[in-house]
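Please look over the chain below before reading on.

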Amino acid sequence: MKHTEVKKHQGPSLYLEVCAQNEEPRLPLHTSIVLFLLSYCECKSFTVFLVFNEQTSPESLRSQLPASLNVSAIQLEDLPQLVRGCRLPAVLDETGRLCRAGLAVVLRHIINKTVAADPSRNDVLTLLGFKKTCLKACAEVSKWTRLCELGIPSAVEEHLQNPTNQHCQLPVSILTLEQRLAEPVKVHNDDKIRRQKLQEQRQNEKNESSEGQESLDSESKPGQSSQACDGLELRAALAKMSVDGVPALTTRENSEIRKVKTTDLPQLEHVFAEGLYFTLTDVVLLPCIHKYLCSLQAHAASSLHQLPHLLRWYSRVQEVPGLLRAAEDCGLLLSIPQVPASSLPVVPSENNPASLLAQEEGQEMTTQLPFVGGPRPTMTKLQENGIEAVFAPHPRPAWTLPWDSLPGAINPTEGKMSNIRAVRKMQQLNNLVAMVTELARPGYTIVDFCSGTGHVGIVLAHMLPDCQVILIENKEESLVRAQSRIAELGLKNIGFIQANLDYFTGPFHIGVALHACGVATDMVMEHCIQAGAAFVISPCCYGFIQNAVKFTFPKSNRFQETLIYKEHMILCRFADQTAVQLTPERRLIGKQCMGLVDLDRSWAAETHGYSVRVMTMEPESCSPKNNMLVGRPLQTNGREVTAGQLETPVHN
């Protein structure tokens, strides 16, 4: 490994974090996971950089770096600007203008690059799971992605920092995984495998009947004859990977087995983390669980008794071809922990995985008082407490972009949408761009959150050439389309980040989002408030709003004093009743509910020192979801901001 200057972008560059412990460099778990996947895939498509905070010798890390990789060292201050604004790991593409950030996004990209370079690698392609969706849902909305991408790595990192002080109670995330592994598996078209399992169980019963095996009926129940099913299910899992030398499952059952009802077939048990097949999730978990189990064995071996399914999983993954080679290449010497010979203790109810999982769900599990359904009682209750939806006047209702003189690639009519929808999209863009240009100053960084194919961000980059625009989107397909539009326009003041919102950490001055669905609006507002940035947001999909990890509803103090959670959800549900085919009266109620939900949001933002206007886009017919929240910090760097104007940029 060598220190190097940042090179011109001849190929994708992969940046991995190095942290320090006792003044010695150490690889955090997310870095170890990425290196492990690179080794397993035998991927050489990236120039790999280890990112150091300070000048230290990286020689002690050599044993943890795959020998096949050409790894260089780089200082944090030398990172490209786009990468510096993201959490690592991150990949910068050949153009230097598209950054992929976050563990799941980077890992999925490595798999895609490996298969693109060698389409015969079916074992790598199957890591993406059924319909290639493994860890595709972002951690903000998927509890499973959050558990695997954030929860377990964070819990293990915390444990490794203080292994002797945390052995009394296992982390919630570890116990949640143990519970998941204990559940029956449902896979697409699993009936055939379940019938083969029943056939093997019955054959096993005949072979061992002289030893007093249980009756046929009891053998057929879920959870029975695990030794017999272990071989079948593991063979099915490995056969899916098309590994040479693995016997395929038999293709036909006898007539007696075919007559058994589906409801009477034995359940399939977990072989790997997501069910029957080895996926990217197992790759993420292996370095974490390996280090956790090794630490437990050294400091609290008795705790291993609480993790029988996790130990079984740990043993099974070692049978995956190529896995032991990849692990050893990364300095992970896998072994089977030795569990002391004693009976499995009863886990206290407060430590039971089911109850701990309920704790993790938090406020969603909270018991609420009964209430009368429908929007009118809730709206009346708010009105009696002096709370009504109020819409600020639109400051520039007639303003419009010069569509006739704009390049074709900017106009939504050039995209894949109907003419009517394209006209409405143009009207929506008029509103958002009018508000952003009112706030923007030369040198500002503007972030288009949940950007999709870039309708908002591309217009802003064209209209504000003295500003830097960043498009953030989780879906790679959308950013690819946005890039092609940018290439046609020749814009230089725009960058792209494929990541969840939480993985963008860079400074910016204005955040914008057009139709941010459900809690995405609240996530964007929170991100802007943390950055001290102004925001222009058009909410959408109010019915999808629900309590999340970082915030609960209602959000503002006055709404919390008046409504319970379920009453607020009534407002959210009826806020979606604004479609044009509904009656005018029903649409009016929907609009009022939209205004109340956004009033709660605006009041919550005002407690953080913001001035917020809730207004209606012009014309109102541009969208059934025509609300717009425009907020700006009242103070920047301790000084008050004048109306309609932000101070000189704090961040360069």
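This is a predicted model: local features need pLDDT of at least 70, side-chain atom pairs count only at pLDDT 80 or more; totals for chains, interfaces and linings use all residues.

Residues are numbered from 1 along each chain as its sequence is written, and side-chain values use heavy atoms, with hydrogens and water left out.

The protein has 22 helices and 17 strands, which are DSSP runs (helices H or I of at least four residues, strands E of at least two) numbered from the N terminus. Of its 652 residues, 52% are buried, that is, under 20% relative accessible area with a 1.4 Å probe and protein chains only.

The axes of helix H16 (residues 419-439) and helix H17 (residues 455-463) come within 10 Å and cross at roughly 50 degrees, the axes being lines fitted to C-alpha atoms over the stretch in contact, with angles running from 0 to 180 degrees between N-to-C directions. The contact (heavy atoms within 4.5 Å) involves residues including Leu 429 and Val 433 of H16 and Val 456 and Leu 460 of H17.

Most residues other than glycine have a negative phi, and most peptide bonds are trans.

| Peptide bond | Omega |
|---|---|
| Phe 553 to Pro 554, cis | near -5 degrees |
| Glu 618 to Pro 619, cis | near -10 degrees |

Pro 554 lies in the loop between strand E13 (534-540) and helix H20 (557-562), and Cys 541, which has a positive phi of about 50 degrees although it is not a glycine, is placed in the loop between E13 and H20.

Methods
Buried means under 20% relative accessible area, exposed over 50%, partly exposed in between (1.4 Å probe, protein chains only).
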